Amino acid sequence: MATIKDIASLAGVSPATVSRVLNYDPDLSVGIQTKQKVFEAAEELNYTKHKKNPKTAKAKILFVQWYDEAEELEDIYYLSIRLGIEKKAEEMRIELVKRSMEELDHETANGILALGKFDKAEADFLFDKNPNLLFVDFDALDLGYNSLVIDFQQSMSAVLTYLAQHGHQEIGILAGEEYTRGSHELLEDKRLTIFKEILGQKDLLHEEYILKAPFTVNSGYNVMKQFLNRQPQTFPTAFFASSDALAVGALKAIQEVGLKVPEDISVIGFNDISVAKYVSPPLTTIKIHTEWMGELAIETILSIIYEQAPIARKITIATELIERASTR
């Protein structure tokens, strides 16, 4: 594992700055560019190539992102996928052109790669611009479009099996809230849906332990702090958070009210972003191989462009649980 000094050297900042950035210190006053350098350096040192000497392909791909640079830093999951996409495109000498939805009117390319969440109108708009279209981290198959997504059923089964094996029966969830940008539609957190299905079947679902917050560290902190202040003597023995950013905020809130992780409450995150290794205690989490997901996105959009499949496809990516010190 890369050290704080390794990240500091690559980012060109002090180790103290790296530590405070990775731990989302609210009192740290540095700019977005500095934070981005730190997070990208951490992801860079965590990045692993899966193939050597890749074949090159002549293609121009338009890359449409849901998050802007500032939003990426609130939860660097999308940043890490983006880096994987960019690295694979560079390795294969593919022309990857970043464009906003508004900039697509007169742009021609072989295909479009859309990263993030989109509503039906936005998805249809993108398809009208270019039918060689792949959505990454958005299940658009019901709309008839190619999708590359996480296997949430497998992921949540792994989380709840792990907690059950460690004797946890009172389990809470800090689910994510997010909205489409165009129509501001509330998106389903499939982790919450599956969580409720699995625990409901076992008669272990506690509705009072279901919390919801936007996917940011600060939101996770605020919602968890409110919950623990509201019922300081009654809380689950474990909380699952739908992202590492939410989990990091929850960790801070739990410790701030005088409880211990994992002695009082175990915490599990989701994504295994580079930050998860550096918080205290290091975060048990579901690992998504985001760099490989980015690589696979490039390979998949190329197959869509050159193979001309007759129907849309959905590719699901399995995950793995990484055990660290935040659970017992």
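At 5% relative accessibility, Asp272 falls under the 20% cut-off, so Asp272 counts as buried. That is our way into this structure, which is a predicted model.

**Salt bridges**

What does Asp272 pair with? Its partner is Arg324, and the closest N and O atoms of this salt bridge are 3.0 Å apart. Asp272 sits in the loop between β9 (266-271) and β10 (284-287), while Arg324 sits in the segment after β12 (320-322), so the pair ties together parts that are 52 residues apart in sequence. Some salt bridges also share partners: Glu40, Glu72, Arg82, Glu86 and Lys98 are joined that way into one network.

Why do such pairs form at all? Side chains of opposite charge can pair when their charged atoms come close. How many salt bridges does the structure hold? The count is 19. Here are three of them, with the distance from N to O:

| Salt bridge | N to O distance |
|---|---|
| Arg324 and Asp272 | 3.0 Å |
| Glu178 and Lys117 | 3.6 Å |
| Asp124 and Lys120 | 2.7 Å |

Take the pair of Glu178 and Lys117, whose side chains meet in a salt bridge. Glu178 is in the loop between β6 (171-177) and α8 (190-201), and Lys117 is in the loop between β3 (111-115) and α6 (120-129), so this bridge ties together parts that are 61 residues apart in sequence. Are these two residues buried or exposed? Glu178 has a relative accessibility of 11%, so it counts as buried. Lys117 is buried as well, because its relative accessible area is 14%.

Asp124 has a relative accessible area of 22%, so it is partly exposed.

**Another residue of helix α6**

Phe125 also lies in helix α6. With a relative accessible area of 27%, Phe125 is partly exposed. Which residues does Phe125 touch? Leaving aside residues up to four places away in sequence, Phe125 touches Met101, Leu104 and Asp105. As for Lys190, Phe125 is 65 residues from it in sequence and 25 Å from it in space, going from C-alpha to C-alpha.

**Helices that pack together**

Now for two helix pairs, starting with α5 (residues 77-91) and α11 (residues 290-307). Their axes are 7 Å apart, and the helices pack at an angle of about 50°. α5 and α11 are therefore oblique to each other. The crossing of α5 and α11 is right-handed. Who meets whom here? From α5 come Tyr77, Ser80, Ile81, Gly84, Ile85, Lys88 and Ala89; from α11 come Thr290, Glu291, Met293, Gly294, Glu295, Ala297, Ile298 and Glu299. Sorted by type, the residues of this contact are 7 nonpolar, 4 polar and 4 charged.

The other pair is helix α1 (residues 4-11) with helix α3 (residues 32-46). Here the axes come within 9 Å and cross at roughly 120°. That angle makes α1 oblique to α3. The crossing of α1 and α3 is right-handed. On the α1 side we find Asp6, Ile7, Leu10 and Ala11, and they meet Lys37, Val38, Ala41, Ala42, Glu44 and Leu45 in α3.

Key:
Residues numbered from 1 in each chain as written. Predicted model: local features only at pLDDT ≥ 70, side-chain atom pairs only at ≥ 80, totals over all residues. Heavy atoms only, no water. Axes fitted to C-alpha atoms, helices over the stretch in contact; angles between N-to-C directions. Helix = DSSP H or I, 4+ residues; strand = E, 2+ residues; numbered from the N terminus. Parallel < 35°, antiparallel > 145°, perpendicular 65-115°, else oblique. Left-handed = near helix turned anticlockwise from the far one by under 90°. Contact = heavy atoms within 4.5 Å. Nonpolar A, V, L, I, M, F, W, Y, C, P; charged D, E, K, R; others polar. Salt bridge = Lys/Arg side-chain N within 4 Å of Asp/Glu carboxyl O. Buried < 20%, exposed > 50% of the residue type's maximum accessible area, 1.4 Å probe, protein only.
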